[in-house]
Amino acid sequence: MYKIPNLVYANDKGEIFDHPTLKMAVRSANYDFVPYEAELIRLPDSSRLYFMPDTRPVAYDQEAANLTEFKGGNAVSVFLPPGFLRLFLPAYRKTKDYIMPLYAYTAVGYLDGHFVVPAIQVDDISKWNPANYDFSENFDKKVEDFLKNNPENRLYRQLAVCAVKYHCTAAKNVFYPRWECPMPTSPACNASCVGCISLQPAECCPSPQARLSFAPTPEEIADVALRHAEKARDPIISFGQGCEGDPVMAADNIAGAVKIIKKSMPSLTVNFNSNCSVPDKVKKVLDAGVDSVRVSLNSVVEETYNAYYRPRGYELADVVKSIEHVKEAGAFLQLNLLMFPGVSDRAGEAAALLDFIDEHKVDLIQTRNLNIDAELLFSHLRFGPEEIHGVKNLLRLIKKRRPEIQFGYFNRMKDDFYKNTGFPDLRPPKKGRSAI
Ligand code: SF4
Ligand code: SF4
């Protein structure tokens, strides 16, 4: 057997240690186990470790050859930087009944002087590396100066809040200016996702962001987009980056704005990221000139989709109809697949997904880590016993079924839609060469 990484745990002050004898265990669905070496990589730069209060880690006791609950500390998790997909959750038990904040909990161990995590890089991170972004007060000053020169447009004030208060890296791009410009447009949504990061019922868990409170006009949207495109390197305009309402509810304003943008700059890449729940509205933005549509879903199995999205007034069939419109319009079709170990990689879910991507000729899957407490998620989902392939194996099955499909994490400029980034590397590791 390979050298299993040590258990990582934290005391109540948040100080982090590795255990001298107990070993790392991980979790998928409700199963705890020891990960294979091929599933681990060194902790990526810009990751952050944090402890999970009121939990006990589950560890592997090599001498006794069994899993055990370690009572001497709290479980530890990792925030992975964008561009990395988690393969397993931390293995832990809660010591009190509570719902943890909406984070993408990821296991961590320690081996030969390094932290290791079960994860895989799925996209080129050169633009999105947190090291490229200023999180200090110097940046706040830059935003203040920018606003002084652009005092009228409400959208700039919203983007300033997103950039400075929420530290949204996409929003920071607006003030550099460079790369992808997010365009919050919708205060409303017709779903009620269990893990919505912009709106949560009081009894659940805190939302990291407060929802946008106004609907920008087509002129306000086009103004921000065109000013960005004039000054920025590699500009992209993206509606619906994840923590507002859903832009499908603002499709009329967006279509109006896209017409203005495309009239003035036809070559500018415009992305529409949405739950795509209203086919006529999706058609409207496509007709206006949107280049790429990214459809957000956690599953293509109706029961699993409904249990998480809790749609109001639409069905998964409407999302499928929108997808057909995307293909008819010749736009680039991406899925924003909200992945969770032990859900997305279950045999039934995987089989349905393989048929779906084949039937609808999906161009790219953005593999996203679903931010949610596992107990909260599984309290909403009902599964019988079935095989779990593993997240990495799921990606391999997808590639086998549809070799031309690409994986990624970020939106792309038009010229790069079909570019092979080389990620993720799904080859089995060469003998004698370890990624850790
Ligand atoms: S679709 Fe998006 S905005 Fe709507 S509830 Fe779900 S996560 Fe929230
Ligand atoms: S709404 Fe969310 S994703 Fe969009 S700019 Fe603001 S913080 Fe960023």
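## Salt bridges, domain interface and ligand shells

Across the interface of domain 1 and domain 2 the rule finds 3 salt bridges, a salt bridge being a side-chain nitrogen of Lys or Arg within 4 Å of a carboxyl oxygen of Asp or Glu. The model is predicted: local features need pLDDT of at least 70 and side-chain atom pairs count only at pLDDT 80 or more, while totals for chains, interfaces and linings use all residues. Residues are numbered from 1 along each chain as its sequence is written, chains are lettered from A and ligands numbered from 1 in the order in which they are written, and side-chain values use heavy atoms, with hydrogens and water left out.

**Domains.** The protein is divided into domain 1 (6-121) and domain 2 (130-416), with bounds that come from an automatic or database domain assignment. Their C-alpha centres lie 29 Å apart. In contact terms (heavy atoms within 4.5 Å), 27 residues of domain 1 meet 32 residues of domain 2. The two domains bury about 2400 Å² between them, 65% of it on carbon and sulfur atoms; buried area is the accessible area (1.4 Å probe) that two parts lose on being put together, summed over both. On the domain 1 side, Leu85, Ile99 and Leu102 lose the most area to domain 2, together 29% of what that side buries.

**Salt bridges.** Side chains of opposite charge can pair when their charged atoms come close. The structure holds 24 salt bridges.

| Pair | N to O distance |
|---|---|
| Lys94 and Asp373 | 2.7 Å |
| Asp223 and Arg227 | 2.9 Å |
| Asp54 and Lys96 | 3.5 Å |
| Lys148 and Asp145 | 3.8 Å |

The salt bridge of Asp54 with Lys96, at 3.5 Å, links distant parts of the chain: Asp54 is in the loop between β6 (48-52) and β7 (55-61), and Lys96 is in the loop between β12 (92-94) and β13 (109-111), 42 residues apart. Helices (H or I, at least four residues) and strands (E, at least two) are DSSP runs, numbered from the N terminus. Asp54 has a relative accessible area of 29% and is partly exposed, on a scale where buried means under 20%, exposed over 50% and partly exposed in between (1.4 Å probe, protein chains only). Lys96 is also partly exposed, at 44%.

Lys148 and Asp145 are 3 residues apart in helix α1 (residues 137-149), so about one helical turn separates them. Lys148 is exposed at 61% relative accessibility, whereas Asp145 is partly exposed at 32%. Asp223 and Arg227 are 4 residues apart in helix α4 (residues 218-231), again a separation of about one helical turn. Asp223 is partly exposed at 25%, and Arg227 is partly exposed at 33%. Elsewhere, salt bridges that share partners join Arg27, Lys94, Asp373 and Glu375 into one network.

**Ligand shells.** A residue belongs to a shell if one of its heavy atoms lies within 4 Å of the ligand. Around ligand 1 are Cys189, Ala191, Ser192, Cys193, Cys196, Arg211, Glu244, Gly245, Asn275 and Tyr309. This shell divides into 5 nonpolar, 3 polar and 2 charged residues. Here Ala, Val, Leu, Ile, Met, Phe, Trp, Tyr, Cys and Pro count as nonpolar, Asp, Glu, Lys and Arg as charged, and the others, Gly among them, as polar. Ligand 2 is surrounded by Leu159, Cys162, Cys168, Ala171, Pro182, Pro184, Gln241 and Cys243. The shell around ligand 2 has 7 nonpolar, 1 polar and no charged residues.
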